[in-house]
Amino acid sequence: MTKQEELWRGEFGDAYTERNTLDEDHLAALTANWARIMHCLQGRPPRSILEAGANIGLNMRALRRLTGAELLAVEPNASARSRLARDGVTEAEKVVDGLCNAIPLPDGAAEFVFTSGVMIHIHPDDLLASCRELHRVSARYLACLEYFSDQPMEIRYRGHDEALFKRDFGGFWLDNFPDLQLLDYGFAWRRVTGLDNLTWWVFEKTS
Ligand SMILES: C[S@@+](CC[C@H](N)C(=O)[O-])C[C@H]1O[C@@H](n2cnc3c(N)ncnc32)[C@H](O)[C@@H]1O
């Protein structure tokens, strides 16, 4: 097990899940941001959406307000998976144990596959394998919402080394997957949106 997997499957991940509260203002902010992100898919919305690293499903709860698409979640932390199922964010069988680099789902399992605040927690050595797996399970669209840095860098996170890495994740997707076409990108500026200064990209597979 990698250091990162150990952290998120263990007490560190349990504590994050415990801290992650449901707050109506935050859900409203997420919903507004997702409406903005999904705008580029107008007229051809996904019928299924998979979030890898969903935690308690804040994004999924926001997306549920915008779409009737089937929702699936991959999440390595057991307490977060229980919460997803217990709160009925989606059906229990659609919440699966896994990691971005090991998703127990078939090729093209969902039309829209995304991460939010998850690629930043993947060690750079595991990033390409994780993207390959996300790409494999996407039938059409891929998206990520992550912390941006022009140059790859590591930041100490909650007292841990090798737990948070920033880079140009959009560039990483485009450089490694030539079949992807950029549909849109943007920035959720905390001052205006209340969200966590996330940069987001939406891609479509062209082959
Ligand atoms: C910072 S939280 C983000 C949660 C959620 N995506 C959101 O935006 O609110 C990171 C989540 O990703 C999960 N995670 C960590 N490493 C992962 C990996 N390699 N693959 C999939 N999920 C991962 C963690 O267990 C945690 O639930």
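Which of the 21 residues around the ligand come nearest? My notes are below, starting with that one.

1. **Ligand shell.** W8, G53, N55, C100 and S116 come nearest, out of 21 residues around the ligand; a residue is near if its C-beta atom, placed from the backbone, lies within 6 Å of the molecule. Elements here are DSSP runs numbered from the N terminus: helices are H or I of at least four residues, strands E of at least two. By type, the shell holds eleven nonpolar residues, nine polar and one charged. Nonpolar covers Ala, Val, Leu, Ile, Met, Phe, Trp, Tyr, Cys and Pro, charged covers Asp, Glu, Lys and Arg, and the others, Gly among them, are polar.

2. **What we're looking at.** This is a predicted model, where local features need pLDDT of at least 70 and side-chain atom pairs count only at pLDDT 80 or more, while totals for chains, interfaces and linings use all residues. Residues are numbered from 1 along each chain as its sequence is written.

3. **The sheet.** It's an open sheet of seven strands with mixed pairing, in the order β3-β2-β1-β4-β5-β9-β8; strands pair if DSSP finds at least two bridges between them. β3 and β8 (180–188) sit at the edges, each pairing on one side only.

4. **Parallel pairs.** β1 (residues 48–52) runs parallel to β2, with five bridges, and L50 has L72 in β2 as its bridge partner. Four of the five residues of β1 are buried, so the strand is largely enclosed by the rest of the structure. Buried means 20 or more other C-beta atoms within 10 Å of a residue's own, exposed means 12 or fewer, and partly exposed is in between, with C-beta atoms placed from the backbone. β4 (residues 110–116) and β5 are also parallel, over six bridges, with V113 partnered by L142 of β5. Seven of the nine residues of β5 are buried, so that strand too is largely enclosed.

5. **The β8 end.** β8 and β9 (residues 198–205) are antiparallel, joined by eight bridges; A188 has L198 in β9 as its bridge partner. Helix α7 (residues 169–176) packs on the sheet, touching β5 (138–146), β8 and β9, and its direction makes about 175 degrees with that of β8. Angles run from 0 to 180 degrees between N-to-C directions, with axes fitted to C-alpha atoms, for helices over the stretch in contact.

6. **Helix α5.** In α5 (residues 78–86), A80, R81, R83 and L84 are buried. They cover an arc of only 160 degrees around the axis, so they lie on the same side of α5; the arc is that of the directions from the helix axis to the C-beta atoms. Among the elements covering them are α2 (11–19), β2 (70–74) and β3 (95–96). Just after α5, G88 takes a positive phi of about 65 degrees.

7. **Two long-range residues.** I37, in helix α3 (residues 24–38), counts as buried because it has 22 C-beta neighbours inside 10 Å. Beyond its neighbours within four places in sequence, I37 is in contact with A143, W200 and V202, contact meaning C-beta atoms, placed from the backbone, within 7 Å. L195, in the loop between α8 (190–193) and β9, counts as partly exposed, with 18 C-beta neighbours inside 10 Å. L195 and N33 are 162 residues apart along the chain, yet their C-alpha atoms are separated by 8.7 Å.

How values were computed: Contact = placed C-beta atoms within 7 Å.
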